[in-house]
Amino acid sequence: CKYDRVRIAWANSRGGWDFFNFIKRNEESLNIERKSYTKVRGNYGSAIDSFSYSVSDSGRTTIAVTAKKSITVNSDWISENEFIFLQSLLVSNTIHWVQDDGTFFPVQIEATDYTLSRERNGKLKNVSFKFTMANDYI
């Protein structure tokens, strides 16, 4: 676990803020995507006979690099009422990861599906959510 607990805040349907602490295992990952193109070989000048090659003509050139940081969080065993409370997280438009110093870091929920399974003792299994940072990682 990189973090002891991950505190998530979200705007509920009544305009207030709800909070939940995910205290079990959490994983942080970084997804890097590179956009590139193949350059046209040669230097085409204005004159017909002014064609030349350059060392940098071969290969691919990177246009942009996009890095998305995400965190997967897991809850402890939760009751059915706690799970109903967490369902409002799935439909919220505004979700934030609350840092230890109290600042809010905007995130988006990536996985919006879940599996509900009950045990004989009335407890639910732990649930896991994957959040992607709303701002690109630089």
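**Close-up views of a predicted chain**

**View 1. Salt bridge between Glu27 and Arg25.** The side chains of Glu27 and Arg25 meet in a salt bridge, with 3.6 Å from N to O, where a salt bridge is a side-chain nitrogen of Lys or Arg within 4 Å of a carboxyl oxygen of Asp or Glu. This is a predicted model, in which local features need pLDDT of at least 70, side-chain atom pairs count only at pLDDT 80 or more, and totals for chains, interfaces and linings use all residues. Residues are numbered from 1 along each chain as its sequence is written, and side-chain values use heavy atoms, with hydrogens and water left out. Glu27 counts as partly exposed because its relative accessibility is 42%, given that buried means under 20% relative accessible area, exposed over 50%, and partly exposed in between (1.4 Å probe, protein chains only).

**View 2. Salt bridge between Glu28 and Lys69.** A salt bridge joins the side chains of Glu28 and Lys69 at 3.8 Å, N to O. The pair links distant parts of the chain, since Glu28 belongs to strand S3 (residues 26-38) and Lys69 to strand S6 (residues 60-74), 41 residues apart; helices (H or I, at least four residues) and strands (E, at least two) are DSSP runs, numbered from the N terminus. With a relative accessibility of 28%, Glu28 counts as partly exposed.

**View 3. Salt bridge between Lys130 and Glu110.** In this salt bridge, the closest N and O atoms of Lys130 and Glu110 are 3.8 Å apart. Lys130 lies in strand S9 (residues 128-133) and Glu110 in the loop between S8 and S9, so the pair ties together parts that are 20 residues apart in sequence. Both partners are partly exposed, Lys130 with a relative accessible area of 28% and Glu110 at 47% relative accessibility.

**View 4. Strand S7 and its two partners.** In strand S7 (residues 95-98), Ile95 and Trp97 point one way while His96 and Val98 point the other way, and all are buried. In a regular strand the side chains alternate between the two faces of the sheet. Strand S1 (residues 6-11) runs antiparallel to S7 and is joined to S7 by four bridges, two strands being paired if DSSP finds at least two bridges between them; within this pairing, Ala9 stands opposite His96. S7 also pairs in the antiparallel sense with strand S8 (residues 104-109), over four bridges, and there Phe105 is the bridge partner of Trp97.

**View 5. Hairpin turn between S7 and S8.** Five residues lie between S7 and S8 in this hairpin, and Gly102 in the turn has a positive phi of about 95°.
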